[in-house]
2 protein chains.
Amino acid sequence: MELDFDKAGGIIPAVAQDADTGEILMLAYVNEEAWKETLATGFAVYYSRSRKRLWKKGETSGNVQRIRRILVDCDRDSVVFVVDQSGPACHTGHRSCFFTEYKDNRDVEIAPVVVKPEEMYGK
Amino acid sequence: MELDFDKAGGIIPAVAQDADTGEILMLAYVNEEAWKETLATGFAVYYSRSRKRLWKKGETSGNVQRIRRILVDCDRDSVVFVVDQSGPACHTGHRSCFFTEYKDNRDVEIAPVVVKPEEMYGK
């Protein structure tokens with residue numbers, strides 16, 4: 001068994017981590033097909049729960065994630081993709097989707113927008 | 001709204017990351033009650049999907065996670081707990097649950113057991 005897809009309805013979380021800095025860039029999901037596509041192509045491919053289809057990260061924005069290493073956890077029900085991230089990981093234009101710190105019961109934005117969304121997705 | 005618990009049946013993934021090294025230690029889940037307990041106590045409290053109850057990380061092993069920072073993602077449906085980890089995070093005695101690299105279609109153990117499980121949980 002490669003991964004335990006059965007525990008949560010066929011999908012497991014995949015955490016993308018920057019290969020150079022260790023920064024956590026985003027969390028998304030893979031089903032078995034996305035997992036196999038990721039292995040076959042060497043680029044992160046996820047399963048979109050809302051759109052119910054595979055999406056190669058960066059297919060629209062160009063901000064692809066080249067896989068450097070893949071780590072599997074002890075229960076085989078979550079993975080880490082250690083990646084070379086092209087451009088921002090977040091659709092907001094922040095480097096990481098985790099650009100908000102929750103502190104003293106409020107949000108604090110801790111990182112800047114590095115590319116404006118309209119430059120990533122067209123106007 | 002603090003977090004979007006509705007998207008996946010009341011729970012969201014929480015990634016624990018070592019505050020000093022940036023290493024990803026484990027991935028678990030929080031429901032709203034676990035989230036509130038984490039905020040109230042300053043220690044990571046998760047929701048066990050298998051046992052269907054809250055568990056304070058380290059309640060048996062002593063390997064607690066003191067919260068240093070909490071990061072929330074752009075969709076508010078996953079969080080990162082940046083923690084001071086006491087002892088190993090993994091029940092196997094590895095520092096991180098992600099001690100396995102999946103490479104060339106096989107598992108490679110990339111980190112040692114730092115504390116034997118029988119020393120953490122009694123014999």
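Visitor: Before we start, what counts as a salt bridge here?

Guide: A salt bridge is a side-chain nitrogen of Lys or Arg within 4 Å of a carboxyl oxygen of Asp or Glu. By that rule the count is 18 salt bridges over all chains. Keep in mind that this is a predicted model.

Visitor: Good to know. How many salt bridges are there between chain B and chain A?

Guide: Between chain B and chain A the count is 6. One of them pairs the side chains of A:D77 and B:R49, at 3.4 Å from N to O. Another has A:E101 meeting B:R69, with 3.2 Å from N to O.

Visitor: Where do A:E101 and B:R69 sit?

Guide: A:E101 is in strand β7 (residues 100–103) of chain A and B:R69 is in strand β5 of chain B, so this pair joins two chains.

Visitor: And polar contacts across that interface, how many residue pairs?

Guide: The rule finds 16 residue pairs in polar contact across the interface of chain B and chain A, with both residues at pLDDT 80 or more.

Visitor: Which elements of chain B give two or more residues to the side that touches chain A?

Guide: For chain B they are β1 (12–18), β2 (24–30), α1 (32–41), β5 (65–72), β6 (79–85) and β7 (100–103). Of these, β5(B) gives the most, with 4 residues.

Visitor: Let's talk size. How much area do the two chains bury?

Guide: Chain B and chain A bury about 2900 Å² between them, and 61% of that is on carbon and sulfur atoms. On the side of chain B, the residues that lose the most area to chain A are B:C74, B:F98 and B:Y102, together 22% of what that side buries. As for contacts, 36 residues of chain B touch 36 residues of chain A.

Visitor: What does β7(B) pair with in chain A?

Guide: Strand β5 (residues 65–72) of chain A is joined to β7(B) by 2 bridges, and the two run antiparallel. Within that pairing, A:L71 stands opposite B:E101.

Visitor: Last topic, inside chain B: how do β3 and β4 run, parallel or antiparallel?

Guide: Antiparallel: 4 bridges join strand β3 (residues 45–48) to strand β4 (residues 53–56) of chain B. The partner of B:S48 in β4(B) is B:R53.

Visitor: Which residue in that hairpin takes a positive phi?

Guide: That's B:K52, with phi near 55°, in a hairpin that has 4 residues between the strands.

Conventions
Residues numbered from 1 in each chain as written. Chains lettered and ligands numbered in written order. Predicted model: local features only at pLDDT ≥ 70, side-chain atom pairs only at ≥ 80, totals over all residues. Heavy atoms only, no water. Contact = heavy atoms within 4.5 Å. Buried area = accessible area lost by both parts, 1.4 Å probe. Polar contact = N/O pair within 3.5 Å; in protein donor to acceptor, adjacent residues only side chain to side chain. Pairing = 2+ DSSP bridges.
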